[in-house]
Amino acid sequence: MTLQQEIVGNAMQMAVVNLRPGQTVYCEAGKFLFKTANVTMETRLSGPSGNGGQQAQGAGSGGGMGGLLRQAMGTAMQVGQRVLAGESLAFQYFSAQGGEGTVGFAGVLPGEMRALELDGTRAWFAEKDAFVAAESTVDFGIAFAGGRTGMSGGEGFILEKFTGHGTVIIAGAGNFIDLNPADFGGRIEVDTGCVVAFEEGIQYGVQRVGGLNRQGIMNAVFGGEGLSLATLEGNGRVILQSLTIESLANALKKAQGGDKQGPTGGLFSTHAG
């Protein structure tokens, strides 16, 4: 059952979702805007199970104290992953009662929103602040890229992962740019803060900007990009954003009389406090 939704607005978009009876949508805490009176709202620590947002009650989950313990441990693991990723601790679930209902959601920064349709064949990965809302038939997970490149890459290597069937709504800053690395020789290199989401099959990594030589230091210090770029390789959809959170924060700080980045780029700070 496809989620009926409409993305409205310009500089700060929002998603208006029309819920049919028996249909459930969930969002990260803080992304809800409004709802009609016949839509119920429930806050849970557990994520969706892919079967309408309800925890499985069959033989797999078991009964009695054993089933309750397994369910509690599963919830604790989900919460622990979200804490490590810096995500919200809870999800809010919305269901229409006695007829159709309407719910509104939005991101937290000025920019675009996008509805992605999952058919069960490919997962989607998104940066850790992109998720807004999804059908309860879409599973939300945390993907840790890990490894040496993940540790050196910093931001972006804790990702949100969406699997299953249905609609998931994401948001980003500025305008969206849709690319396929296959159209550019199979690989693109971007600012680490520009990546919003990409399909399963795209390889995401981090590389150093130049070598540890004069030009490499010039790129890092005066170019304002730091020491790393994100790399995206393969054949699949990639969504980038034209505004990074860091550049927005620096612009606001500069307007308030401070300049976090300073004339020598992102490695040094001239903020006077």
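# Aromatic cluster and strands of a predicted chain

Tyr26, Phe91, Tyr93, Phe131, Phe140 and Phe162 form one aromatic cluster. Rings of Phe, Tyr and Trp (its six-membered ring) pair if their centres lie within 6.5 Å; planes under 30 degrees apart count as stacked, over 60 as edge-to-face and the rest as tilted. The model is predicted: local features need pLDDT of at least 70, side-chain atom pairs count only at pLDDT 80 or more, and totals for chains, interfaces and linings use all residues. Residues are numbered from 1 along each chain as its sequence is written, and side-chain values use heavy atoms, with hydrogens and water left out.

**The chain as a whole**

- The chain has four helices and 18 strands; helices (H or I, at least four residues) and strands (E, at least two) are DSSP runs, numbered from the N terminus.
- Of its 273 residues, 42% count as buried, where buried means under 20% relative accessible area, exposed over 50%, and partly exposed in between (1.4 Å probe, protein chains only).
- Among contacts (heavy atoms within 4.5 Å) with a separation of 6 or more, 78% are between residues 24 or more positions apart.
- The accessible surface of the chain is about 13,700 Å², and 56% of that area belongs to carbon and sulfur atoms; the areas come from the Shrake-Rupley method with a 1.4 Å probe, and for residues only the protein chains shown count as cover.

**Aromatic rings**

- The count of aromatic pairs comes to 11.
- Phe32 and Phe94 are stacked, because their ring centres are 5.1 Å apart and their planes are at 20 degrees.
- Phe32 lies in strand β4 (residues 32-35) and Phe94 in strand β6 (residues 91-96), so this pair ties together parts that are 62 residues apart in sequence.
- Phe32 is partly exposed, at 26% relative accessibility, whereas Phe94 is buried, with a relative accessible area of 0%.
- Phe94 also forms an edge-to-face pair with Phe105, at 5.5 Å centre to centre and 75 degrees between the planes.
- Phe105 lies in strand β7, so its pair with Phe94 in β6 ties together parts that are 11 residues apart in sequence.
- Tyr93, a member of the cluster, has the charged end of Arg44 over its ring, 3.8 Å from the centre; a charge sits over a ring if NZ of Lys or CZ of Arg is within 6 Å of the ring centre and within 35 degrees of the ring normal.

**Strand pairing**

- Strands β1 (residues 4-8) and β2 (residues 14-19) pair in the antiparallel sense over five bridges; two strands pair if DSSP finds at least two bridges between them.
- These two strands form a hairpin with five residues between them, and Gly9 in the turn has a positive phi of about 100 degrees.
- Gln4 has Asn18 in β2 as its bridge partner.
- Strand β2 also runs antiparallel to β7 (residues 101-106), joined by six bridges, and Val17 stands opposite Val103 in β7.
- An open sheet is formed by three strands in the order β14-β17-β16, with antiparallel pairing.
- Its edge strands, β14 (187-190) and β16 (203-208), each pair on one side only.
- Four bridges join β14 to β17 (residues 228-233), with Arg187 partnered by Glu233 in β17.

**Surroundings of Met113**

- Met113 is in strand β8 (residues 113-119) and is buried, with a relative accessible area of 4%.
- Not counting residues up to four places away in sequence, Met113 touches several residues, including Ile7, Met14, Phe105, Val132 and Phe176.
- Met113 and Gly172 are 59 residues apart in sequence and 6.4 Å apart in space, C-alpha to C-alpha.
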